[in-house]
Amino acid sequence: MPKNKLTELKELCIENSIPIIRDNTAKYIADLINDQQYKSLLEIGSAYGYSALYFYQFIKDITTIEKNIDNFKIVSKYLTGENIVFLCADAFEYVPNKKYDVIFIDACKSHQDILVTKYLEYLNFNGVMFIDNIYLKKFDKHDVLTKNQRNLMKKVVKFQEWLKKLNDNKKISVEILDIDDGLAVIKFC
């Protein structure tokens with residue numbers, strides 16, 4: 001029996017050490033999509049397109065953007081034939097032409113506050129924004145971190161603090177869930 005695209009893509013990501021959404025996180029998001037009957041999703045950071053293809057099982061209006069041209073070529077191969085809009089673009093420069101029910105940010109870990117602030121403008125009122133890998137637990141296994149890893153961890157902690165302050169805004173609720181590597185959930189109140 002031939003493998004389906006999703007299984008094949010997951011195996012390719014694992015083989016090439018391309019980070020993908022973890023199973024519990026994906027299930028949590030999919031359950032919320034189904035419960036709320038969300039209709040559209042914007043993904044920031046496609047990598048190889050695994051999460052976009054996974055979410056396509058539950059939501060049919062998906063746009064995913066990827067900055068890395070080599071990754072984008074893989075995305076193009078696996079998402080062609082699906083009704084998923086995939087774009088090679090820089091998330092800091094890209095301007096969506098509509099609002100979305102779900103926004104999933106799984107892009108660069110530095111300057112995430114800029115991405116959240118920008119893309120909240122494109123989130124429908126009853127929608128939800130997810131930010132994956134809030135904790136970067138993979139570094140917990142290291143006895144010693146490199147200078148770049150320490151700097152990245154400082155940025156992640158600073159971003160967590162920024163999210164907590166964002167939660168002080170009466171119009172926005174922020175919840176950080178300890179699922180897999182941490183998932184921030186942002187909603188308008």
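Figure 1. An open sheet of seven strands, with mixed pairing, is ordered β3-β2-β1-β4-β5-β7-β6. Strands β3 (84–88) and β6 (172–177) stand at the edges with a single partner strand each, so one side of each has no neighbour in the sheet. From one strand to the next, the twist averages 15°. Two strands are taken to pair if DSSP finds at least two bridges between them; helices (H or I, at least four residues) and strands (E, at least two) are DSSP runs, numbered from the N terminus. The model is predicted: local features need pLDDT of at least 70 and side-chain atom pairs count only at pLDDT 80 or more, while totals for chains, interfaces and linings use all residues. Residues are numbered from 1 along each chain as its sequence is written, and side-chain values use heavy atoms, with hydrogens and water left out.

**Figure 2. Strands β2 and β3, and helix α5 on the sheet.** Strand β2 (residues 61–66) runs parallel to β3 and is joined to it by five bridges. Within this pair, T64 stands opposite F86 in β3. Helix α5 (residues 112–120) packs on the sheet, where it touches β1 (40–44), β2, β4 (100–105), β5 (123–132), β6 and β7 (183–188). The direction of α5 makes about 160° with that of β5. Contact means heavy atoms within 4.5 Å; axes are lines fitted to C-alpha atoms, for helices over the stretch in contact, and angles run from 0 to 180 degrees between N-to-C directions.

**Figure 3. Surroundings of D106.** D106 is placed in the loop between β4 and α5. Its side chain makes a polar contact with the side chain of N133 (3.2 Å). Such a contact is a pair of N or O atoms within 3.5 Å; within protein, one must be able to donate a hydrogen and the other to accept it, and residues adjacent in sequence count only if both atoms are side-chain atoms. Not counting residues up to four places away in sequence, D106 touches I44, G45, D132 and N133.

**Figure 4. L163 in helix α6.** L163 lies in helix α6 (residues 147–166) and, at 0% relative accessibility, counts as buried. Buried means under 20% relative accessible area, exposed over 50%, and partly exposed in between (1.4 Å probe, protein chains only). Leaving aside residues up to four places away in sequence, L163 touches I134, V174, I176, A184 and I186. Between L163 and V185, 22 residues apart in sequence, the C-alpha to C-alpha separation is 9.9 Å.

**Figure 5. The hairpin of β6 and β7.** Six bridges pair β6 with β7 in the antiparallel sense. L177 stands opposite L183 in β7. The hairpin has five residues between the strands, and D180 takes a positive phi near 50° in it.

Figure 6. Although Q37 is not a glycine, it has a positive phi of about 55°. Q37 is found in the loop between α2 (23–36) and β1 and, at 57% relative accessibility, counts as exposed. A47, likewise not a glycine, has a positive phi of about 55°. The loop between β1 and α3 (50–55) holds A47, which is buried with a relative accessible area of 17%.
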